[in-house]
Amino acid sequence: MINRTSLRIKVLQAVYAYLESGEDNLEKGLNHLMESVDKMKDLFVWQLSFLIETKRFAENRIEENKRKNLPTKEDLNPNMRYVNNRVIKALENNKQLRKEEERLKINWADHQDIIRGYYNMMRNTEEYMNYMTADVDDFNHDKNFIVTMIKNYFSDLEVLQDFYEEKSIFFVDDYHLVSAMLLKFINDMKVSFNEDSLLPSLYMIDKKDDVNNKDFIRTLFRETIMHNDEYTKLIGDNVNEKKWEKDRICVMDMIILKMAITEFLCMSYIPVKVTMNEYIEISKYFSTPKSKIFVNGILDKLLKKFREENAIHKKGAGLIE
C-alpha cells in the first residue's frame, strides 16, 4: 500500500529526529519509526471513513429537504448520483473497513461541521457539477470523480488536518503521504471490489525484488544510524571544498546522502540508478534549493569511488540499470 518513495521519506524523518534528539538507543528509534508507519494505516482508514461520511451527510440532507414545509421540485426529485457513488458504497459495505473503523472507534457524530464544510465546498466546484450532470453513469465515472476531489482539494482541507492533529501527532506529518496512498488506492480500485474484498496490506512485498517493505525500512534506518559517523567522514572527504564547506552542509542533505550510501552498499536488490533518482528527487522537496545539484554531485563522486573499490555488489533486480 505504501510505495518505497513514501517509506524513504518516513525513514528520512525518523533518522533526522533520532540524530537531532541525541538519542542513543537504536531499537527505541526503530520502534518509533515502525509506530509512525503503522499510524499511516490508521489515518488511511480515517480518510476512507471521511469519504463515506460525506455520502451519509448528503443522504441526510436529501431527506431533510424532502420534509420541508414547501419542498421544491428539486427537493422532491433530487439528483442521487453522489449518494449512489459506487466507489463510496463499496467502501461503506466493506467488512474489513468496518472492522477497522470499530478498532479505531471512528465516529463523526460530533464533527458534522467538518463534514458539512467539505460537502458544501464540494458542491460548489466545477468538478462536482460536471460529475452530477454528465451523461455517463458508471463505476469509472464515479471513481474518477473521487480521485479528482482527492487530488485537487484534499491538500487544502486545513480544518480536517487540524482535526487529525488532535487525534495523533503522527497524523500531521503523514497527511499528504496518506493522501497520495488514498489516491492510488481509489485509482486502482476495480469494479469487483465488494464487501469481502481486502484492503491493501501496509507492508507489501515489492514485485520487482520480492523484498518485504518492512525489512526495507528496518535495514535502511538501522544501517544509516549504525554507520552515521563513518558516512559523515566519507562524505566530508569527498566534498569539493572550493564549492562547499564541510561544516556548513545542510543536515538534511547529509542524511539524504547517508541513506543513499546505505542503499548503494547494503541493499543488493535496489539498482544504483533507482537510488540516485529517488534521493535527488527527495532532496528537491526536503532540503535547500541547491540541494539537488549538491546531492547529485556527491553521489556521482561516491559511486565512482565505490565502483573503483568494488564495494558495490548488486544482484537480481539490483543489476538493472
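Which helix gives the most to the lining of the second largest pocket? I started my notebook with that, and the helix turned out to be α2, with 4 residues.

**Ground rules.** I'm working on a predicted model, where local features need pLDDT of at least 70, side-chain atom pairs count only at pLDDT 80 or more, and totals for chains, interfaces and linings use all residues. Residues are numbered from 1 along each chain as its sequence is written, and side-chain values use heavy atoms, with hydrogens and water left out.

My helix names follow DSSP runs (H or I, at least four residues; strands are E, at least two), numbered from the N terminus. A pocket, on a 1 Å grid over the protein atoms alone, is an open set of points where a 1.4 Å probe fits, with protein on both sides within 12 Å along at least five of seven lines; a cavity is a set the probe cannot get out of, and lining residues have an atom within 4 Å of a point. For volumes, grid points are joined across faces, edges and corners, and the space filled by probe spheres set on the points is what counts.

**Second largest pocket.** I noted a volume of about 370 Å³. There are 15 lining residues, and Glu74, Asn79, Tyr119, Arg123 and Tyr128 lie nearest the centre. Besides α2, I found α3 (73-76), α6 (112-123) and α7 (126-133) each supplying at least two residues of this lining. By class I wrote down 9 nonpolar, 2 polar and 4 charged residues. Here Ala, Val, Leu, Ile, Met, Phe, Trp, Tyr, Cys and Pro count as nonpolar, Asp, Glu, Lys and Arg as charged, and the others, Gly among them, as polar.

**Largest pocket.** This one holds about 840 Å³ of space. Its lining has 30 residues, with Asn3, Lys184, Met204, Asp206 and Lys207 closest to the centre. I saw at least two lining residues each from α1 (4-21), α10 and α14 (272-286), and α10 has the largest share, 4 residues. The classes come to 16 nonpolar, 4 polar and 10 charged.

**A stop in α10.** Next I looked up Ala180, which is in helix α10 (residues 169-188). I put Ala180 down as partly exposed because its relative accessibility is 43%; buried means under 20% relative accessible area and exposed over 50%, with partly exposed in between (1.4 Å probe, protein chains only). Its C-alpha atom is 8.7 Å from that of Ile150, 30 residues apart along the chain.

**A lysine in α2.** Is Lys55 buried or exposed? At 4% relative accessibility, I have to call Lys55 buried. Lys55 sits in helix α2 (residues 26-66). Leaving out residues up to four places away in sequence, I found Lys55 in contact (heavy atoms within 4.5 Å) with Tyr82, Val83, Ile88, Lys89 and Glu92.

**Inside α12.** In helix α12 (residues 228-237), I listed Asn228, Tyr231, Leu234, Ile235 and Gly236 as buried. The buried residues of α12 pack against α1, α11 (213-226), α13 (251-266) and α15.

Most residues other than glycine have a negative phi. I flagged Lys105, not a glycine, for a positive phi of about 55 degrees. Lys105 is in the loop between α5 (95-103) and α6, and counts as exposed at 70% relative accessibility. Asn310 is not a glycine either, and I read a positive phi of about 55 degrees there. Asn310 belongs to the segment after α15 (291-308), and is exposed with a relative accessible area of 53%.
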